[in-house]
Amino acid sequence: MPEPGACPRLIERHMMQHIKFYMTPGSCSTGIHIILEELGEIFEVTIVNLPAGDHFKPAYVTVNPKSAIPALLRPDGSLLTEVIAMAYWLGQSRPRAGLWPTDLTDATRALETMAYVVTTLHGQGFARIFVPSSFARDPAAHGEVRRLGQDIVEKGFAVLNATLPRESYVAGAFSVADPVLFYVLFWADKLNIPLPATLLAHYRRLLARPAVQLVLREEGYNPATLGQMAPAA
Ligand SMILES: N[C@@H](CCC(=O)N[C@@H](CS)C(=O)NCC(=O)O)C(=O)O
């Protein structure tokens, strides 16, 4: 940060270099929040209160017409949405951090895992559990919608568990794909949905990372209380 009294134009340029990050604590934006901290990025946070419906209010809709979080407003003024695109851009644009795999096979695995997490586990599974009203208008059907969501999540975890390397990360070395996977493992923990053994070990490995602990504390969670469950039978 420039010292007080430094050239105003220098301060202006410095401020403009920051990413603006739109997020909601405990949501899918946690994955992107972890990537930003792992990169040591300086960024400015705007909390969007989803339960209060802030994402549908004009102040946010003018920023992101999709009315969803997370979103990144980049230093050049362009908006970036969609978790996978944000993870890709952050990893690729900061190559020295090594969070985007350089090997084609590893990079493809990272994309494959992120796509499955975001579209299937989150979009088909957890979305049914969190917002059953998006899948059935009749409130009497919401219990069944939630149960279906849980089935999708449990099947998805079993599939990922079978392909995840036992003692390393999604794409060999730690990459942007791991924080993206983290957010659904964290949701499972909060909802008492059991994790199969390899996924649980991966979740605990991520919970031990300083950047993950920092993000969890910043978002109002105590990392010491997480990852305590027994593996799924
Ligand atoms: N496909 C989007 C999904 C984002 C998403 O579903 N975000 C949720 C929070 S975890 C949201 O904004 N929900 C508000 C709504 O859909 O009304 C992405 O990858 O960023």
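Is Phe130 buried, partly exposed or exposed, and what is its relative accessible area? Phe130 comes out as partly exposed, at 42% relative accessible area, because that value falls between the 20% and 50% cut-offs. Bear in mind that this is a predicted model.

Let's stay with Phe130 for a moment. This residue sits in helix H5, which covers residues 104–130. Together with Val131 and Leu191, Phe130 makes a nonpolar surface patch of about 240 Å².

Now over to helix H7, which runs through residues 177–190. Its 14 residues reach 21 Å from the first C-alpha to the last, close to the 20 Å expected at 1.5 Å a residue. H7 is mostly covered, with 13 of its 14 residues buried. After H7 comes Asn192, and its phi is positive, near 60 degrees.

Another spot to look at is Asn64, in the loop between helix H3 (58–61) and strand E3 (71–73). Asn64 counts as buried, since its relative accessibility is 1% and the cut-off for buried is under 20%. Leaving aside neighbours within four places in sequence, Asn64 is in contact with Ala71, Leu79 and Thr81.

| Atoms | Distance |
|---|---|
| C-alpha of Asn64 and C-alpha of Leu80 | 8.9 Å |
| Side-chain polar atom of Asn64 and backbone oxygen of Ala68 | 2.7 Å |

Along the chain, Asn64 and Leu80 are 16 residues apart.

Note on methods:
Residues numbered from 1 in each chain as written. Predicted model: local features only at pLDDT ≥ 70, side-chain atom pairs only at ≥ 80, totals over all residues. Heavy atoms only, no water. Helix = DSSP H or I, 4+ residues; strand = E, 2+ residues; numbered from the N terminus. Expected span 1.5 Å × (residues − 1). Buried < 20%, exposed > 50% of the residue type's maximum accessible area, 1.4 Å probe, protein only. Patch = residues over 30% accessible without salt bridge, like charges linked within 9 Å, V, L, I, M, F, W, Y side chains within 5 Å. Areas by Shrake-Rupley, 256 points an atom, 1.4 Å probe, with all protein chains shown as cover. Salt bridge = Lys/Arg side-chain N within 4 Å of Asp/Glu carboxyl O. Contact = heavy atoms within 4.5 Å. Polar contact = N/O pair within 3.5 Å; in protein donor to acceptor, adjacent residues only side chain to side chain.
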